[in-house]
Amino acid sequence: MTANDTNHINLYEDHEWKHPTKVAGVPWKNPVGTASGTFQYAAVRWFYDVSQLGAVCTKGVSPVPWEGNPSPRTTEGPASNLNAVGLQNPGVDHYLVDDLPKLKKIGATVIANVAGHCDEDYCEVVAKLADCDADMLEINVSCPNVTHGGMSVGTDPVALSKLMDKLRPMTDKPMIVKLTPNVTNITEPARAAVEHGADALSMINTLLGMRLNIKTGEPIIANRTGGVSGPAVLPVGIAAVYRVRTALPEVPIIGIGGIDTGEKALEYLYAGANAVEVGAAALFDPVAPLRVARELDDLLDDRPELAAKLAAGQTWR
Amino acid sequence: MTFTRTYDVVDEAVAAGYFPPRHPVTITAIEELTTGVVRMAFKDPYIAEHARPAQFVNLFTDNEMMLMPRPFGVSEVNGDEVSIIFAVVGKGTENLAAKHVGDSVDVLGPLGTKPFSIKDKAHYVLVAGGLGVPPLICAAQKLHDAGESKVTAVFGYRDEKFADDIVAPYVDSLLSIDNEHGNVVTLLDQLESNGGLTAEGLDTVLLACGPLPMMKAVAAWAAKRGLACQLSMEQRMGCGYGTCVLCTIDTVDGRLKVCSDGPVFSREQLGWGE
């Protein structure tokens with residue numbers, strides 16, 4: 001029909017990944033995963049083989065089912081989405097018998113995202129995930145849409161250190177801490193997380209944002225504020241990765257924020273990330289994560305030095 | 001932005017056993033039905049073949065500032081051509097309404113896991129309010145094609161009756177009203193008092209789509225008479241396919257997603273009119 005597409009990639013043909021990476025010792029088929037809040041296996045599986053991705057980071061799970069925030073939960077910003085789901089999820093027990101075994105059965109590399117309203121919540125979830133089949137755990141201390149836990153921990157290096165001191169002895173699994181950009185200096189919580197046992201860091205979670213209805217003068221989202229994601233946040237995420245890489249030369253970093261093309265993923269890798277995750281772009285096209293992975297795989301052909309570093313678990317800077 | 005590609009992706013996805021991703025289609029018709037209400041048609045063999053009443057399609061603007069999908073209920077299918085009807089309510093719908101025949105627009109669909117259930121032979125009363133008409137037009141068309149059921153349309157409008165001509169060929173009878181003269185409950189009461197609510201040997205089933213107050217009123221009206229009532233719900237939506245969990249509504253089974261747990265819910269599920 002229309003033919004404005006010069007680099008057509010058939011996402012459904014067999015593809016041998018040329019450029020793997022490693023994050024905290026865990027091999028990824030390629031450097032592209034899904035970002036936690038936007039991945040629900042039951043929905044995505046109809047669109048493509050998610051085991052093709054470098055990793056699948058699943059939606060945050062809590063000790064018991066959470067119903068999340070009231071609606072409306074979303075609105076739009078310039079080149080962005082605002083969301084305030086509030087971590088609605090069916091709980092860790094459901095995850096262990098449903099999403100996780102299904103994803104492992106198809107050969108996906110799985111990152112289980114851990115949510116909590118308090119330290120005890122996080123501990124309870126990590127205890128249940130300590131010996132599960134997930135390849136990595138990601139501790140969500142950066143959700144802006146819950147009143148307790150989430151971002152309130154990730155913005156406070158002391159609280160984050162205390163939480164990590166509790167979680168670290170509970171499991172040998174590689175533990176990623178997902179950081180919020182809603183801080184003055186992201187290297188401070190980054191350093192606290194690493195000094196207290198994080199094996200890797202992922203960044204950024206959403207930025208705090210709000211839109212108002214100018215007819216009523218009231219916020220559009222029922223939670224009033226939401227998390228901003230999408231292409232608009234790209235420079236914020238890249239700067240976060242660059243600053244943390246500069247401050248902490250050794251820690252594995254997963255770059256997140258505004259990635260919808262292979263080129264943008266590449267930018268994060270040049271900023272010092274070992275891998276990236278694709279989030280909001282999946283709201284604009286379900287196959288976005290796989291397409292970004294395929295585009296990046298081709299872009300890395302022309303960048304052998306970067307590709308070699310990633311394969312060895314190292315980074316550009 | 002590299003979302004847009006050729007229609008080939010649909011064939012590639014289907015051949016591999018997957019649901020088609022976002023893809024461009026060509027607009028075949030675009031017209032203003034009344035002030036601020038637009039009918040758009042586009043050619044999409046896959047959506048045309050698979051769309052069921054109350055399913056919707058995501059349309060995307062061509063402005064990189066406005067990336068969120070705009071979900072619209074499918075109103076009619078004619079051959080390979082799929083029609084939608086939408087109101088121009090903001091910048092995104094303005095962008096889409098400014099398209100011309102022959103232009104390309106990106107779509108994803110058909111979406112929505114639970115369409116109206118119209119398999120059983122019955123007397124279907126299609127109740128629509130305002131921009132809730134598309135799923136009912138689609139139901140009317142499918143029921144007309146099947147040719148087994150009796151179909152009565154009950155359409156309420158703010159002012160101009162922009163969808164009457166579209167739905168009329170598909171239904172046995174059509175009652176419509178504008179705000180000045182009443183609402184769909186006025187018409188349902190009329191239908192009942194005229195004996196038009198029942199049809200010999202057929203169960204009466206209400207299908208409804210419209211603004212929330214209308215939906216609650218219709219559910220209560222149906223409940224009072226013990227009639228089945230299926231309601232196609234609307235909510236501010238993100239992805240449209242179940243991954244983002246942004247479009248929830250409260251039901252007796254907890255917070256469910258309009259896109260992938262619905263969009264059709266029974267009055268019992270919604271806890272209305274018990």
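Two residues are in contact here if their C-beta atoms, placed from the backbone, lie within 7 Å. Keep that in mind as we walk through this predicted model, in which local features need pLDDT of at least 70, side-chain atom pairs count only at pLDDT 80 or more, and totals for chains, interfaces and linings use all residues. Residues are numbered from 1 along each chain as its sequence is written, while chains are lettered from A and ligands numbered from 1 in the order in which they are written.

- Let's start with Pro144(A), which is in contact with Gly150(A), Met151(A), Thr180(A), Asn182(A), Thr206(A), Leu208(A), Thr225(A) and Gly227(A), if you skip its neighbours within four places in sequence.
- Pro144(A) sits in the loop between β8 and α5 of chain A; helices (H or I, at least four residues) and strands (E, at least two) are DSSP runs, numbered from the N terminus.
- Pro144(A) is buried because 24 other C-beta atoms lie within 10 Å. The cut-offs go like this: 20 or more other C-beta atoms within 10 Å of a residue's own make it buried, 12 or fewer make it exposed, and anything in between is partly exposed, with C-beta atoms placed from the backbone.
- Along the chain, Pro144(A) and Asn83(A) are 61 residues apart, yet their C-alpha atoms are 9.6 Å apart in space.
- The loop between β8 (136-140) and α5 (151-154) of chain A also holds Cys143(A).
- Cys143(A) carries the UniProt annotation "active site", from an unreviewed entry; UniProt positions are given in the numbering used here, feature names are shortened, and annotations may be inferred rather than shown by experiment.
- Cys143(A) is buried too, since 27 other C-beta atoms lie within 10 Å.
- Not counting residues up to four places away in sequence, Cys143(A) touches Leu87(A), Ala115(A), Gly150(A), Met151(A) and Asn205(A).

**Strands and a helix in chain A**

- A barrel is closed by 8 strands of chain A, in the order β3-β4-β7-β8-β9-β10-β15-β16, with parallel pairing. Two strands pair if DSSP finds at least two bridges between them.
- On average, neighbouring strands of this sheet are turned by 25° against each other, direction ignored. For angles, axes are lines fitted to C-alpha atoms (for helices over the stretch in contact), and values run from 0 to 180 degrees between N-to-C directions.
- Strands β15 (residues 253-256) and β16 (residues 275-278) of chain A run parallel and are joined by 3 bridges; here Ile254(A) stands opposite Ala275(A).
- Across β10 (200-203) and β15 of chain A lies helix α8 (residues 234-247) of chain A, running at about 160° to β15(A).
- Strand β14 (residues 226-229) of chain A pairs with β6(A) in the antiparallel sense over 3 bridges, and Asn83(A) stands opposite Gly227(A) there.
- Strand β11 (residues 207-209) of chain A also pairs with β14(A) in the antiparallel sense, over 3 bridges, with Leu207(A) and Val228(A) as bridge partners.

**Two domains in chain B**

- Chain B splits into domain 1 (8-111) and domain 2 (123-270), with bounds that come from an automatic or database domain assignment.
- The C-alpha centres of these two domains of chain B lie 22 Å apart, and their contact takes 20 residues from domain 1 and 19 residues from domain 2.
- On the domain 1 side of that contact, β4(B) gives the largest share, 7 residues.
- UniProt lists residues 20-117 of chain B as "domain: FAD-binding FR-type", in an unreviewed entry. This span is 13% helix and 49% strand, and its end C-alpha atoms lie 24 Å apart.

- An unreviewed UniProt entry lists Cys239(B), Cys244(B), Cys247(B) and Cys259(B) under "binding site". They are spread over 21 residues of sequence but cluster in space, with a largest C-alpha distance of 10.2 Å.
- Cys244(B) is in the loop between β11 (228-232) and β12 (248-251) of chain B, and it is buried because 27 other C-beta atoms lie within 10 Å.
- Apart from residues up to four places away in sequence, Cys244(B) touches Thr38(A), Asn83(A), Leu283(A), Gly238(B) and Cys239(B).
- Cys259(B) belongs to helix α8 (residues 258-261) of chain B, and it counts as buried because it has 29 C-beta neighbours inside 10 Å.
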